[in-house]
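User: Hello! I would like to learn how to read the pocket and the aromatic pairs in this model. Could you take me through them?

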Amino acid sequence: MASSDVNVENTNVKTAPGVSLDEHQKTIIGSVLDLFAGRPSLKKLQLWDDNGVFQDPITKAEGRKQYEPQWYGLQSAFSEIERLHHEVTDAGNPIKMDLKTRYVVKGIGKEQTISSKIQIYLDKSTGKITEVQDKWDGKLPDSTFTNIFRQLNSVTVPNLISVPKTDEEDAKRGNQ
């Protein structure tokens, strides 16, 4: 699926010196940048494997029914999302990227800047995303209590956030 078919908004992917990307990698990275910017779409999420995983310090979403609502939930949770910096540091598998994003929480106006180390894992045969890890300050939690909270979040968010069923419904929400 070419980036034009997916309507990737972030087409200017910045790379560290010596890192080169093919067109598929640019599409994948651009679509992931769009997701982190609160700009999901069903077409962008078709770049993911049905059994894919998204994890960050507050969730571990496994499978399409859990990870899609996490991405659509950003629109509900934040009034502003601004990418301050990104740079792809490794074009391997996983693709590695530094990302710095400013979020403003809806309703209360609290501002939070998060610096992340992103890892994007791809299935070698299909080229689809099998996992995205968002490591805040380069880390994912590793405690039983935190992991229980992350699992709870991955099950609760899908009950609170609806995911569009069609491209038309997606477009009505302002998603490409």
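Analyst: Happy to. For residue classes, Ala, Val, Leu, Ile, Met, Phe, Trp, Tyr, Cys and Pro count as nonpolar, Asp, Glu, Lys and Arg as charged, and the others, Gly among them, as polar. With those classes, the lining of the largest pocket has 14 nonpolar, six polar and two charged residues. This is a predicted model, where local features need pLDDT of at least 70 and side-chain atom pairs pLDDT 80 or more, while totals for chains, interfaces and linings use all residues. Residues are numbered from 1 along each chain as its sequence is written, and side-chain values use heavy atoms, without hydrogens and water.

User: What volume does the largest pocket have, and which residues lie nearest its centre?

Analyst: On a 1 Å grid over the protein atoms alone, a pocket is an open set of points where a 1.4 Å probe fits, with protein on both sides within 12 Å along at least five of seven lines; lining residues have an atom within 4 Å of a point. Points are joined across faces, edges and corners, and the volume is the space filled by probe spheres set on them. Here that volume is about 460 Å³. Of the 22 lining residues, Asp56, Ile58, Gln70, Leu74 and Phe78 lie nearest the centre.

User: Which element gives the largest share of the lining?

Analyst: Elements are DSSP runs numbered from the N terminus: helices (H or I, at least four residues) and strands (E, at least two). H4 gives the largest share, seven residues.

User: How many aromatic pairs are there?

Analyst: Rings of Phe, Tyr and Trp (its six-membered ring) pair if their centres lie within 6.5 Å; planes under 30 degrees apart are stacked, over 60 edge-to-face, the rest tilted. That rule gives six pairs. Phe36 and Trp71 have ring centres 4.9 Å apart and planes at 80 degrees, so they are edge-to-face. This pair links helix H2 (residues 23-36) with helix H4 across 35 residues.

User: Which residues form an aromatic cluster?

Analyst: Phe36, Trp48, Phe54, Tyr67 and Trp71 form one.
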